[in-house]
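Reader: I am new to this structure and would like to learn how to read it. Could we go through it one feature at a time?

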Amino acid sequence: MRSFILRAGVLALAGVVFSPLAVSATIAKQDARGQQAVSKRTGQSGDRRAASGRRVQIVHANLNSQGKRKGAYQRVAYASALAGVPPMLTAGDLAGLSLTRDPLDLNSNAALVLDHTTNEVLFEKNAEISLPIASITKLMTSLVVVEADQDLDEVLTVTEEDVDREKFSHSRLRVGSQLSRANMLHIALMSSENRAASALGRHYPGGIQTFVTAMNTKARELGMTHTRFSDSTGLSSANVSSARDLAKLVLAAYQHPLIRQYSTDSRYVVDPGGRMLQYRNSNGLIENPDWEIGLQKTGYIAEAGRCLVMQVHVSGRPVVMIFLDSKSKQSRLADAGRIRKWLENRGASAFSERSAKRS
């Protein structure tokens, strides 16, 4: 049976193209509405409003008339959503990717399914468009750490430098917490612990900037041409990649048993000093016995939406699944379920065809 490959045209809805100018105009309107709402509720001046509301960065692809990625990325400031402020659109939404339809009705704005053994693309949707990838970044962080052959028993200390000053995300690791590099890597992969990922990058020879350079160098080595990293956590929306590029990252990371183990553990306990902390896997499918997952990583920031990458076995077949820019924790898992069911039905159909030919 011929492989079904969905090549969903970016922004293709009755030939309409959502231009970068239209995206920028949409952002400006949202920002204006948001500022008006905040001003009305707080009575603050514009300067104080900007200072009090968390500002986040949206990165979107610059698209040409065919909907292809054209080049540079634009960073656009957008006031955070306080009560009464309209919800923020993801970078994919702003680029018009939500207009793309696919036969499986996926919630994710971009997706890719790849046969791990043959590298055959089985399904793709906006797979070549670069988008913010949030904590999927930590998969590259882990790859650089492991391949640098750093001492996994070395104790690393969380400092003020590891505190998130961009998104103000929560962390259970207090400043002064101490864990081995192995434990930092473990909870960064399994539970997306941001301060652990930051400490890993900061303790690289040459510091965090050298570490980020190593991340981008590794990306080029893997042929990830639509990828750029700016930190070790994924908190910055400047960490961007495409579904096709991330499939290459998953395949490379899968070669390391430590990354496979740490990313798929369901629970893990660490002692950072003071009291024990129990972490759970951020991927709800890990504890589902119906899923055979060899490697996984989740991600979320507002600009990226909900992201998920996995290496899984479906009906005995190893496949890589990439989902970017979904709308909720459950919707990205639902997309994985739809793809799995589609693959199972596809496999059953192929088996029936082979049986009919033999008879």
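**Helix packing and the core**

Author: This is a predicted model. In helix 5, the buried residues are Arg181, Ala182, Asn183, Met184, Leu185, His186, Ile187, Ala188, Leu189, Met190 and Ser191.

Reader: How many residues of helix 5 are buried, and what follows from that?

Author: The count is 11 of the 11 residues, so helix 5 is largely enclosed by the rest of the structure. Just after helix 5, Ser192 has a positive phi of about 60 degrees.

Reader: How is the packing of two helices described?

Author: The description uses the angle between their axes and the distance between the axes. Here, helix 4 (residues 137-147) packs with helix 5 (residues 181-191) at about 155 degrees, and their axes are 10 Å apart. An angle over 145 degrees counts as roughly antiparallel, and helix 4 and helix 5 are therefore roughly antiparallel to each other. The crossing of helix 4 past helix 5 is left-handed.

Reader: Which residues make the contact?

Author: Helix 4 contributes Lys138, Leu139, Ser142, Val145 and Val146, while helix 5 contributes Arg181, Leu185, Ala188 and Leu189. By type, six of these contact residues are nonpolar, one is polar and two are charged.

Reader: Which residues touch the most other members of the largest nonpolar core?

Author: That core has 61 residues, and the ones touching the most other members are Leu139, Met140, Leu173, Met184, Ile322 and Leu324. Helix 8 (residues 243-254) supplies the largest share of this core, eight residues. A second, separate core has 22 residues, including Leu104, Val314, Val319 and Leu343.

Reader: What does Leu173 touch?

Author: Leaving aside residues up to four places away in sequence, its contacts include Met184, Ile187, Pro272 and Tyr279.

Definitions and conventions. Residues numbered from 1 in each chain as written. Predicted model: local features only at pLDDT ≥ 70, side-chain atom pairs only at ≥ 80, totals over all residues. Heavy atoms only, no water. Core = buried A, V, L, I, M, F, W, Y, C linked by side-chain atoms within 4.5 Å. Buried < 20%, exposed > 50% of the residue type's maximum accessible area, 1.4 Å probe, protein only. Helix = DSSP H or I, 4+ residues; strand = E, 2+ residues; numbered from the N terminus. Contact = heavy atoms within 4.5 Å. Axes fitted to C-alpha atoms, helices over the stretch in contact; angles between N-to-C directions. Parallel < 35°, antiparallel > 145°, perpendicular 65-115°, else oblique. Left-handed = near helix turned anticlockwise from the far one by under 90°. Nonpolar A, V, L, I, M, F, W, Y, C, P; charged D, E, K, R; others polar.
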